[in-house]
Structures are given as structure tokens and as C-alpha cells.
Amino acid sequence: MPNQNTYKYHTTGLTLTSSSASGSADVVYTCPTNYNGTVRFLHISNSSASARTVSVQLFIADVSAYKYITKTTSVAANAVLNLVNDNYFFMHAGDKIVAFSANPTDFEVMVSVEEEPAQFTFTGV
């Protein structure tokens, strides 16, 4: 079993401001240098009285590429979207979760990540 004393647990959230993808999208979370991250919770809430669409991307630092986690996904009025349900995904140092919407201020995004010191370096995808 891993040494739990070396793990860090990080939760952060923000209201979106960006309506553009990739490098112009809002950075929700960046995996720190010398750490790997396990994303345990990725939650999006729409505070609008109308259905809106949102997109979330993962920036993979090793290959400098953005990949969609969800693209132009409709979220009902005053509803939530949980993108990590009883699952998880891994991130490595420099990887980022970014998000954007045509109606950005209607969305809040929250992420919880379990960070552990990197034992070795990953290369490629």
C-alpha cells in the first residue's frame, strides 16, 4: 500500500470565463511538477434557466496536445454534469484540465485530484 503521508489531496473550482478552446480555455487544474494526479471528481453545474453547452479538454503535456473529455455537451437548465462517476483518470506533471462554453459565466467547474509524488517519468501517450 502506498504511503498516504506523501499524497496531497486537491480540490478547486471556478466560474468559466472563456468561450474558446485549447490554449484560450480556462485552466481548471494543472498537475504540479514531480507529481502524478488521479482525478476522482469532475463536476460541472449550469446556473442558467436555459440548457447550455460546455466542453472540457485534457491537455497532455508530453505531446503538447488537447483531447476532449466532453465536447459541446448540453447541460439542462439549473442542472449538473458529473464527468467522473465511480471512475477516475490519471494525469502527469504539466497536464491540465481546461473548460469553455459559448455562455461561460453560466458554468462552474469543480475538480478533486489525489496527487502523489512521481516515482518515474512518463513519455508519450
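Among contacts in the protein chain between residues at least 6 apart in sequence, what percentage join residues at least 24 apart? With contact meaning heavy atoms within 4.5 Å, the figure is 80%.

Some ground rules before I go on. This is a predicted model, where local features need pLDDT of at least 70, side-chain atom pairs count only at pLDDT 80 or more, and totals for chains, interfaces and linings use all residues. Residues are numbered from 1 along each chain as its sequence is written, and side-chain values use heavy atoms, with hydrogens and water left out.

Overall fold. The protein chain has 0 helices and 9 strands; these are DSSP runs numbered from the N terminus, helices being H or I of at least four residues and strands E of at least two. The radius of gyration is 15 Å, close to the 14 Å from the globule rule for 125 residues, so the chain is as compact as a globular protein of that length. That radius is taken over C-alpha atoms, and the rule is 2.2 Å times the number of residues to the power 0.38. The C-alpha trace spans about 45 × 30 × 20 Å along its principal axes.

Next, the sheet. An open sheet of 4 strands runs in the order S2-S8-S4-S5, with antiparallel pairing; two strands pair if DSSP finds at least two bridges between them. At the edges are S2 (26-30) and S5 (65-75), each pairing on one side only. From one strand to the next, the twist averages 20 degrees, using lines fitted to C-alpha atoms and angles from 0 to 180 degrees between N-to-C directions. S4, residues 52-60, pairs with S5 over 8 bridges, and Arg52 has Val75 in S5 as its bridge partner.

Now the rings. There are 3 aromatic pairs, by a rule for Phe, Tyr and Trp (its six-membered ring): centres within 6.5 Å, planes under 30 degrees apart stacked, over 60 edge-to-face, the rest tilted. One of them is Tyr7 with Tyr9, stacked because the centres are 6.4 Å apart and the planes at 20 degrees. Another, Phe59 with Tyr66, is tilted, at 4.8 Å and 50 degrees.

On accessibility, buried is under 20% relative accessible area, exposed over 50%, partly exposed in between (1.4 Å probe, protein chains only). Tyr7 is buried at 12%, whereas Tyr9 is exposed at 53%. Phe59 is buried at 13%, and Tyr66 is partly exposed at 26%.

Phe59 also has the charged end of Lys96 over its ring, 5.6 Å from the centre. The criterion is NZ of Lys or CZ of Arg within 6 Å of the ring centre and within 35 degrees of the ring normal. Likewise, Lys8 lies over the face of Tyr35, at 4.4 Å.
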